[in-house]
Amino acid sequence: MKSRLLVAVSLDGVRSSVSALRLADVARTVLRAEKVGHAMVSIALVSAARIASINAKHLKHRGPTDVISFGFSSDSKGPLVADIYIAPAIARENAKRHGVAVREELARLVVHGVLHALGYDHPEGEARVKSAMWRRQEMLVKLVNRANRAMRSAA
């Protein structure tokens, strides 16, 4: 059976330095790498205020964060259904703090959100960057970056 990876990206009144098509491609790259055959993923780019509201309502955390992911799979046989919320303003702050391009940080947040939707998790604090999820995330970010460079070279 042919795989169906449906990914929709919406801009909720915010600007992004990465196109919606490119962000959808990043999500599909992660889904393929994780051997997901069927998925329906929604990625919404939202304001810092909106993600803070989602964070408070659903996760009981105060303030804005960079990415929030909700996975809704009823069983392993059905498709992955997920909603991912990303705040580009927070991504810009993270990129500056970590010395990376905003485009790379937005791709990293898509990867991170998809991995969470697939059930990956990490500890909080310093240990998160040593976790299996973080290592997988960074490997996938490198894969996405290589694919992006190859596409630009071919153009």
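Analyst: Let's start with exposure: a residue is buried under 20% relative accessible area, exposed over 50%, and partly exposed in between, using a 1.4 Å probe and protein chains only. This is a predicted model, where local features need pLDDT of at least 70 and side-chain atom pairs count only at pLDDT 80 or more, while totals for chains, interfaces and linings use all residues. Residues are numbered from 1 along each chain as its sequence is written, and side-chain values use heavy atoms, with hydrogens and water left out.

User: OK, so is arginine 136 buried, exposed or partly exposed?

Analyst: Its relative accessible area is 24%, so arginine 136 is partly exposed.

User: Which residue does arginine 136 form a salt bridge with?

Analyst: The general idea first: a salt bridge puts a side-chain nitrogen of Lys or Arg within 4 Å of a carboxyl oxygen of Asp or Glu. Here the partner of arginine 136 is glutamate 34, with 2.5 Å between the closest N and O atoms. Arginine 136 sits in helix α5 and glutamate 34 in the loop between α1 and β2, so the bridge ties together parts 102 residues apart in sequence. Those labels come from DSSP runs, numbered from the N terminus: helices are H or I with at least four residues, strands are E with at least two.

User: How many salt bridges does a search of the whole structure find?

Analyst: Five. Another one joins arginine 108 and glutamate 105 at 3.1 Å, N to O. Both are in helix α4, and because they are three residues apart, about one helical turn separates them. Arginine 108 is buried at 10%, and glutamate 105 is buried too, at 5%. There's also a network of salt bridges linking Glu104, Glu105, Arg108 and Glu138.

User: Now the nonpolar core. How many residues does the largest one have?

Analyst: In soluble globular proteins, nonpolar side chains tend to be buried together. A nonpolar core is a set of buried Ala, Val, Leu, Ile, Met, Phe, Trp, Tyr and Cys residues joined through side-chain atoms within 4.5 Å. The largest here has 33 residues, and Leu31, Val41, Ile43, Leu80, Ile86 and Val110 have the most contacts inside it. Helix α4 gives the most to this core, with eight residues. Apart from that core lies another, of nine residues, including Ala44 and Phe70.

User: What is leucine 80 in contact with, leaving aside neighbours within four places in sequence?

Analyst: Contact means heavy atoms within 4.5 Å. For leucine 80, the list includes Leu31, Val36, Val41, Ser73 and Leu118.
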